[in-house]
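We will walk from stop to stop, with something to select at each one.

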Amino acid sequence: MGEAVLLGSCLCGAVRYQVSGPVADAAHCHCSQCRKAHGAAFGSYSWIEDAAFQWLAGSDAVRAFASSPGVRRTFCGNCGSTLQYVSAGYPGGFWLAIGTLDADPAVRPALHMFVGSKAPWFEITDNLPQHREWPPVTG
Ligand SMILES: [Zn+2]
Ligand SMILES: [Zn+2]
């Protein structure tokens, strides 16, 4: 393999996971659903391939909420930590809530998305690109 293994966990520690592949496409999402799911100004996610992800503990504690058709948001059923955004429209992987990582994934968020739904009390002060909704598809 030769790739670094990143460990992550929820707030209470019941759920632990590892990522053994690339952590890509990091972004901050300001949509109202991410704001509520995180209880914060925005959610920060990276794309993770299913094959690179493994639950190490507490997979039975992971709960899912269908936040919109074809989308499941997973979280720890004990402490409520947001874990994944899983979309049927994007098979083969999911977006990981990178605030639950216990190590530096090296990747840095490259953009803000859904700034059209941004919390009025939060001001974006960096120079990253801002997209009103989804960013344009690349790659
Ligand atoms: Zn937990
Ligand atoms: Zn969002």
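**First stop: zinc ion (ligand 1)**

Select the zinc ion (ligand 1): C10, C12, C76 and C79 coordinate it through their SG atoms at 2.3 to 2.4 Å. Donors here are N, O and S atoms within 2.8 Å of the metal (3.2 Å for Na, K and Ca), and water is not among the atoms, so sites may look incomplete. The angles between the four donor atoms run from 103 to 114°, which makes the arrangement tetrahedral (four donors count as tetrahedral if all angles lie between 85 and 135 degrees). For comparison, the ideal angle for four tetrahedral donors is 109.5 degrees. Along the sequence, the donor residues follow the spacing C-x1-C-x63-C-x2-C.

Before moving on, a word on what you are looking at: this is a predicted model, where local features need pLDDT of at least 70 and side-chain atom pairs count only at pLDDT 80 or more, while totals for chains, interfaces and linings use all residues. Residues are numbered from 1 along each chain as its sequence is written, chains are lettered from A and ligands numbered from 1 in the order in which they are written, and side-chain values use heavy atoms, with hydrogens and water left out.

Now colour C10 and C12 by accessibility. C10 counts as buried because its relative accessibility is 6%, whereas C12 is partly exposed at 36%. Buried means under 20% relative accessible area, exposed over 50%, and partly exposed in between (1.4 Å probe, protein chains only).

Strands are DSSP runs of E with at least two residues, helices are runs of H or I with at least four, and both are numbered from the N terminus. Two strands pair if DSSP finds at least two bridges between them; strand 1 and strand 2 (residues 16–19) have four, in the antiparallel sense.

Which atoms coordinate the zinc ion (ligand 2)? They are the SG atoms of C29, C31 and C34, at 2.1 to 2.3 Å. The donor spacing is C-x1-C-x2-C, and both C31 and C34 are buried.

Next, pick H30, in the loop between strand 3 (24–29) and helix 1 (32–38). H30 counts as buried because its relative accessibility is 0%. Its side chain makes a polar contact (N or O atoms within 3.5 Å, one able to donate a hydrogen and the other to accept it; residues adjacent in sequence count only if both atoms are side-chain atoms) with the side chain of H112, at 2.8 Å.

**Last stop: strand 4**

Finish on strand 4 (residues 43–49), which is largely enclosed by the rest of the structure because six of its seven residues are buried. Four bridges join strand 4 to strand 3, running antiparallel, and G43 is the bridge partner of C29. Strand 4 is also joined to strand 9 by five bridges, again antiparallel, with S46 opposite L96.

Notes. Tetrahedral: all angles 85-135°; square planar, octahedral: opposite > 155°, others 65-115°.
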